[in-house]
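Please read it alongside the sequence and the coordinates.

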Amino acid sequence: MNQVFTTRFNKIDQEIGNILGKVMLEEPVDFSKIHEFMEEARSNAVIRPEDFTPVQDFNSYDFGSARQSVEEYQKAIQELMAYVETKDKEILKSFYKKRKQALEYYNSYTNTYDLIFKASFTSAVR
């Protein structure tokens, strides 16, 4: 699940770069790929701690930031779509703010995942 989620999330971010390039060049923008990646990321944004080898107090790990990153990126995409329609710079600023927040949630998730994975691996090889 982690690999699918992180791969799709990174594809979302890459596609945003493609879309922004088209916006700057004033070319037609197609949001269909990004919606597809969002659905795939959303369906894989749930990581259950019990899927790991038991580690000390694994219930204290919170993987909610995976879901939050997808939700916040969805809001950012809606802002970008609104910007494409209106060309309102305030909406574009809002897009960047929401995208930045989504990336912060994503970084929080990957850091948490790495911590529990390392603890799980260490526990398994003891």
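**Briefing: Ala 41 and its surroundings**

Beyond its neighbours within four places in sequence, Ala 41 is in contact with Phe 5, Arg 8, Phe 9, Ile 12 and Val 70. The model discussed here is predicted.

**Ala 41**

- Ala 41 lies in helix H2.
- Its relative accessibility is 0%, and Ala 41 therefore counts as buried, the cut-off being under 20%.
- Phe 5 and Ala 41 are 36 residues apart along the chain, yet their C-alpha atoms are separated by 5.0 Å.

**Overall architecture**

- The protein chain holds four helices and zero strands, and its elements run α-α-α-α from the N terminus on.
- Of the 126 residues in the protein chain, 37% are buried.
- Among contacts in the protein chain with a separation of 6 or more, 74% are between residues 24 or more positions apart.

**Packing of H1 and H2**

- Two packed helices are described by the angle between their axes and the distance between the axes.
- For H1 and H2, the angle is about 160 degrees and the axes are 9 Å apart.
- Angles over 145 degrees count as roughly antiparallel, and H1 and H2 are therefore roughly antiparallel to each other.
- H1 and H2 cross in a left-handed sense.
- On the H1 side, Phe 5, Arg 8, Phe 9, Lys 11, Ile 12, Glu 15, Ile 16 and Ile 19 meet Lys 33, Ile 34, Phe 37, Met 38, Glu 40 and Ala 41 of H2.

**Packing of H2 and H3**

- The axes of H2 and H3 cross at roughly 165 degrees and come within 10 Å.
- That angle makes H2 roughly antiparallel to H3.
- The crossing of H2 and H3 is left-handed.
- Residues Ile 34, His 35, Met 38, Ala 41 and Arg 42 of H2 meet Val 70, Tyr 73, Gln 74, Ile 77 and Met 81 of H3.

**Nonpolar core**

- The largest nonpolar core has 30 residues, of which Phe 5, Ile 12, Ile 16, Tyr 73, Ile 77 and Leu 80 touch the most other members.
- At least two residues of this core come from each of helix H1 (2–24), helix H2 (32–43), H3 and helix H4 (89–125).
- Ile 12, leaving aside its neighbours within four places in sequence, is in contact with Ile 34, Phe 37, Met 38, Ala 41, Tyr 73 and Ile 77.

**Geometry of H3**

- Helix H3 covers residues 64–86, and at 1.5 Å a residue its 23 residues should span 33 Å.
- The end C-alpha atoms of H3 are 33 Å apart, which agrees with that expectation.
- Lys 87 follows H3 and has a positive phi, near 65 degrees.

**Glu 72**

- Glu 72 is located in helix H3.
- With a relative accessible area of 13%, Glu 72 falls under the 20% cut-off and is therefore buried.
- Leaving aside its neighbours within four places in sequence, Glu 72 is in contact with Lys 98, Gln 101, Ala 102 and Tyr 105.

Note on methods. Residues numbered from 1 in each chain as written. Predicted model: local features only at pLDDT ≥ 70, side-chain atom pairs only at ≥ 80, totals over all residues. Heavy atoms only, no water. Expected span 1.5 Å × (residues − 1). Core = buried A, V, L, I, M, F, W, Y, C linked by side-chain atoms within 4.5 Å. Buried < 20%, exposed > 50% of the residue type's maximum accessible area, 1.4 Å probe, protein only. Contact = heavy atoms within 4.5 Å. Axes fitted to C-alpha atoms, helices over the stretch in contact; angles between N-to-C directions. Parallel < 35°, antiparallel > 145°, perpendicular 65-115°, else oblique. Left-handed = near helix turned anticlockwise from the far one by under 90°.
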